[in-house]
Amino acid sequence: MTLPISADLIAEHNAQRAEALHEDYEALGRKLARSGIAIDGIKARAAGFSVAVPSWGAGRGGTRFAKFPIPGEPTNIHEKLEDCAVINQLSRATPRVSPHFPWDKVSDYKALREEAASLGLGFDAVNSNTFQDQPGQAHSYSTGSLSSTVAATRAQAVAHNIECIEIGQQLGSRDLTVWVGDGTNFPGQQDLARSLDRYLEAAAEVYAALPDDWRMLLEHKMFEPAFYSTVISDWGSSILAAQELGPKAKCLVDLGHHAPNVNIEQIVARLHRFGKLGGFHFNDSKYGDDDLDSGSINPHQLFLVFNELAEAEANPRDGFNPSYMIDQSHNVTDPIESMLSSAEAIAQCHAKAALVDRQALHAAQEANDTMMAFQALRRAYTIDVSPILAMARMEAGGAIDVLEAYRASQWRSRKAQERKAVGLGAGIV
Ligand code: LRH
Ligand code: MN
């Protein structure tokens with residue numbers, strides 16, 4: 001395995017910071033011990049936590065208005081894997097990449113899997129794409145894809161999803177994420193019931209092609225690209241579709257796919273209650289599907305989501321195995337820095353949720369002691385867990401301060417010399 005950043009650079013970086021880290025870690029350890037919490041136990045839990053990064057997040061993203069590339073950004077899946085390896089080498093928390101097809105199409109997926117493995121990476125859920133037309137495509141998705149009124153278009157969308165499963169099998173994935181932008185912009189444009197029926201019929205053909213140990217993750221989204229109705233617009237449509245399809249169909253929660261102020265943590269609790277919690281696309285938003293860095297706008301919501309995940313894990317019902325993935329669009333930052341910062345924010349919320357005194361919380365809830373129930377969460381939320389994550393990271397060979405180490409590596413400026421420039425354009429990738 002040849003990792004992209006020199007191990008000496010990371011060792012030198014950590015050597016300068018280790019003493020301060022040990023001081024902070026021991027002080028926090030004493031504080032937590034007073035509440036009966038063993039800090040090493042939390043560190044072990046943090047060391048076992050990981051989140052997948054999106055291949056499409058390694059490059060600059062954009063909006064319909066514009067995209068502003070940066071010198072040295074990746075131009076193909078091979079360069080994207082290199083950058084994802086930098087994120088994992090420094091954070092030790094992002095060992096899997098979630099690819100998107102046909103954006104990441106290559107001729108030899110076995111070789112791609114080996115290439116990723118040589119960089120310390122594996123593959124998470126594969127994402128199909130029936131929201132864009134590809135050059136030479138027989139049937140346009142302008143009428144929708146799995147719910148299109150045009151049978152040939154539905155068949156084409158089904159075939160593409162099955163092709164993604166076959167690619168995923170070669171990459172070692174076990175999940176297919178299906179997000180369709182299908183919907184309408186005008187009342188009356190399509191029959192709202194028949195659209196769903198066509199979607200369910202076509203999705204059932206994709207479901208039938210799933211290998212035994214695979215899952216199909218249905219991703220709901222309130223709007224965009226459709227602005228009047230969306231076929232799978234909310235968790236209700238998604239869970240009903242997943243129940244209709246079968247036990248291998250689960251629901252994926254993209255945090256940005258809800259109306260402002262929707263209680264997403266309650267959606268998580270509901271999906272788990274009915275055995276349909278399949279995974280997450282972590283990001284943050286203030287208005288629409290802004291795809292901003294996780295925890296950058298509403299870190300408390302992210303904490304409350306992980307609080308529900310901790311409750312679900314403690315009460316797994318018929319299984320608790322959600323896929324954790326980032327799905328962001330990096331329009332104004334270095335994508336690597338954004339994913340380093342986001343992985344940290346997500347891992348922090350996972351660790352803070354482990355610090356909640358659930359006995360005290362449940363006792364206060366049973367006693368209707370509202371303030372003490374709230375305080376049980378707030379106490380954990382306000383603990384700075386960064387020494388725990390940094391210690392786990394350093395012990396795993398990562399960097400104590402991931403952004404400082406990344407900048408010290410001069411990775412981006414070095415890649416700007418090597419990689420061809422990305423053209424101006426618009427759109428998310
Ligand atoms: C849709 C979405 C979906 C991806 C795309 C890149 O908004 O969240 O998960 O396929 O972004
Ligand atoms: Mn998403």
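An oxygen atom of ligand 1 sits 2.9 Å from an N or O atom in the side chain of K221. That is a polar contact, meaning a pair of N or O atoms within 3.5 Å; within protein, one must be able to donate a hydrogen and the other to accept it, and residues adjacent in sequence count only if both atoms are side-chain atoms. The model is predicted: local features need pLDDT of at least 70, side-chain atom pairs count only at pLDDT 80 or more, and totals for chains, interfaces and linings use all residues. Residues are numbered from 1 along each chain as its sequence is written, and side-chain values use heavy atoms, with hydrogens and water left out.

**Ligand 1**
- D254 has a polar side-chain atom 3.0 Å from an oxygen atom of ligand 1.
- For H281, the distance from a polar side-chain atom to an oxygen atom of ligand 1 is 3.2 Å.
- On its own, ligand 1 has 300 Å² of accessible area, and the protein covers 95% of it. Accessible areas come from the Shrake-Rupley method with a 1.4 Å probe; for residues, only the protein chains shown count as cover.

**The manganese ion (ligand 2)**
- Its protein donors are E219 (OE), D254 (OD), H281 (ND1) and D327 (OD), at 2.1 to 2.2 Å. Donors are N, O and S atoms within 2.8 Å of the metal (3.2 Å for Na, K and Ca); water is not among the atoms, so sites may look incomplete.
- The site has six donor atoms, with angles of 72 to 171°, and is octahedral. Six donors count as octahedral if opposite donors are over 155 degrees apart and all others between 65 and 115.
- Along the chain, the donors follow the spacing E-x34-D-x26-H-x45-D.
- H281 is in strand 10, and D327 is in the loop between strand 11 and helix 10, 46 residues away. Helices (H or I, at least four residues) and strands (E, at least two) are DSSP runs, numbered from the N terminus.
- H281 is buried, at 1% relative accessibility. Buried means under 20% relative accessible area, exposed over 50%, partly exposed in between (1.4 Å probe, protein chains only).
- D327 is buried too, at 10%.

**G398**
- G398 lies in the loop between helix 13 and helix 14.
- Its relative accessible area is 0%, so G398 is buried.
- Beyond its neighbours within four places in sequence, G398 contacts residues including I10, N14 and R393. Contact means heavy atoms within 4.5 Å.

**R412**
- R412 lies in helix 15.
- R412 is buried, at 11% relative accessibility.

Terms used:
Chains lettered and ligands numbered in written order. Tetrahedral: all angles 85-135°; square planar, octahedral: opposite > 155°, others 65-115°.
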